[in-house]
Structures are given as C-alpha cells and as structure tokens.
Amino acid sequence: MSKPNTRDQIFDAALKLLLERGFNASSVQDITVEAGVPKGSFYNHFESKEALAAEIVSDYASRRSTLREILADDRLPALERLRGYFTALNQRLVDRGFQHGCMIGNMTAELSEQSPVIREQLLRIYGNWSTALEYAITAGQQDGSIPNQLSAKTLAGFLLNAWEGATLRVRVERSPDAFDQFMEVVFNKVLS
C-alpha cells in the first residue's frame with residue numbers, strides 16, 4: 001500500500017477539522033498536527049488556509065454532485081428523483097449522528113462575509129445545485145406531476161433554502177424531525 005503524500009494528508013486533515021470545528025476554529029497548526037506533518041509543509045502545498053478551504057469546498061461539492069445525478073435521470077419520474085435525492089441527503093446526516101451538517105451550509109454561515117474567494121465558490125455551487133433541482137422540477141411540471149403556479153427556478157431555490165434550514169435544525173435537535181417535516185411539506189403540499 002502506498003503512503004499518502006503530504007499534500008493529501010494536509011487536505012484530508014483540513015477537511016476533517018473544517019467539518020468538525022469550522023474554518024475559524026481550525027488553525028494551520030491544528031491542521032498540520034492532525035495531518036502528522038511539520039507546519040512548514042503546509043505552505044509548500046497551499047498558499048493559505050483560505051486557499052485550502054476554497055479547494056476543499058470545491059472538492060466537497062464535486063463529490064456530492066454524484067448524488068445529484070439522480071435529479072437528471074430522465075428514466076425516473078420527476079417526483080421520484082426529487083424524493084430519492086432528498087431522502088439520500090437526509091440519510092447521510094442521520095447516519096453521521098446529525099453532526100457536522102452540510103459543509104456548503106457551514107461555510108456559507110461562517111465565511112460568506114469574511115472571504116470573497118470562498119463566497120464566489122459558494123455562489124457557483126449554489127447555482128449548480130439549484131440548476132440540478134430546477135431540471136427535475138421542470139420535468140415534473142411538463143408531465144403534470146408538479147404544479148406550475150411557481151416557476152421551477154423559484155421552487156428549486158425554495159427547496160434548497162428549506163433543506164439547508166432543516167439541516168441546521170437537525171444538528172441542534174439531534175433528531176430527524178426537521179427532515180421529516182421538510183419531506184412532508186415538500187412532497188405533500190409544495191410539489192403536489
């Protein structure tokens with residue numbers, strides 16, 4: 001088995017700490033200690049902690065985009081795609097004991113005012129995420145399974161905003177109740 005390279009060790013350690021503690025509570029020293037590498041190694045691989053965090057946000061979003069593929073699967077009915085997608089997202093947080101939440105939401109709350117670089121990354125990610133939801137909603141509106149009183153874009157934005165809010169609640173309550181409420185309202189009222 002090959003030994004992980006220093007850059008990967010730093011990246012993985014930072015990802016772990018950013019999920020657990022957040023950006024401001026994770027110093028470069030904390031990251032290198034977690035990675036088991038000398039502090040000087042950090043700057044051989046990353047320009048700054050902010051640059052590393054921006055890379056982590058981008059990587060996190062791209063790894064989560066594979067789950068979003070269900071939203072584009074035209075072989076499935078639109079409502080089934082949306083329900084499957086949100087069920088899988090919810091289950092990930094339940095499986096982690098409601099800890100750490102969504103990295104994208106966490107970074108939005110912590111850094112959108114503090115880091116223009118990360119804010120730009122987050123804007124792009126939210127745009128892509130909304131577009132994926134909008135695609136599935138449009139398909140449902142075209143086949144008549146989703147009402148069209150509101151635009152697909154508006155509904156996609158609402159779903160994303162409501163889900164991120166539910167994610168915050170489940171972290172505080174350590175209970176799936178907010179996810180259950182999200183699913184009930186979305187699939188029994190908003191999209192029906």
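Just after helix α2, G36 takes a positive phi of about 75°. The helices named here (H or I, at least four residues) and strands (E, at least two) are DSSP runs, numbered from the N terminus. The model is a predicted one, in which local features need pLDDT of at least 70 and side-chain atom pairs count only at pLDDT 80 or more, while totals for chains, interfaces and linings use all residues. Residues are numbered from 1 along each chain as its sequence is written, and side-chain values use heavy atoms, with hydrogens and water left out.

The protein chain has 9 helices and 0 strands. Along the sequence its pattern reads α-α-α-α-α-α-α-α-α. Its C-alpha atoms fill a box of roughly 60 × 40 × 30 Å along the principal axes. Of the 192 residues, 43% count as buried; buried means under 20% relative accessible area, exposed over 50%, and partly exposed in between, with a 1.4 Å probe and protein chains only. Among contacts (heavy atoms within 4.5 Å) with a separation of 6 or more, 63% are between residues 24 or more positions apart.

Which of its residues are buried? They are V28, I31, T32 and A35. Seen down the axis of α2, these buried residues fall within an arc of 95°, so they line one face of the helix. The arc is that of the directions from the helix axis to the C-beta atoms. An α-helix has 3.6 residues a turn, so residues three or four places apart point the same way.

The next topic is the nonpolar core, a set of buried Ala, Val, Leu, Ile, Met, Phe, Trp, Tyr and Cys residues joined through side-chain atoms within 4.5 Å. The largest such core has 61 residues, and those with the most contacts inside it are L52, L82, F86, I104, M107, W129 and L133. Two or more residues each come from α1 (6–20), α2 (28–35), α4, α5 (78–95), α6, α7, α8 and α9 (177–190). Helix α7 gives the most to this core, with 9 residues. Leaving aside neighbours within four places in sequence, F86 is in contact with L133, L159, W163, F182, M183 and F187.

Apart from neighbours within four places in sequence, A156 is in contact with S130, L133, E134 and I137. A156 and T131 are 25 residues apart in sequence, yet 7.6 Å apart in space, C-alpha to C-alpha. T167 also lies in helix α8, and T167 is buried, with a relative accessible area of 2%.

E55 gives another case. E55 is placed in helix α4 (residues 49–68) and is partly exposed, with a relative accessible area of 28%. Not counting residues up to four places away in sequence, E55 touches R7, F11 and F46. E55 and F158 are 103 residues apart in sequence and 27 Å apart in space, C-alpha to C-alpha.

Empty space is the last topic. Rolling a probe the size of a water molecule over the atoms shows where empty space is left. On a 1 Å grid over the protein atoms alone, a cavity is a set of points where a 1.4 Å probe fits but cannot get out, and a pocket is an open set with protein on both sides within 12 Å along at least five of seven lines; lining residues have an atom within 4 Å of a point. Grid points are joined across faces, edges and corners, and a volume is the space filled by probe spheres set on the points.

The largest pocket holds about 160 Å³ of space. Its lining consists of C102, G105, N106, T108, A109, Y126, S130, L160, N161, E164, T167 and L168. Helices α6 (103–111), α7 (116–143) and α8 (152–173) are the elements that give two or more residues to this lining. The largest share, 5 residues, comes from α8.

A search of the whole structure finds 1 cavity of 30 Å³ or more. About 140 Å³ of space lies in the largest cavity. Of the 14 residues that line it, Y60, R64, L89, C102 and W163 lie nearest its centre. Helices α4 and α5 each supply at least two residues of the lining of this cavity.
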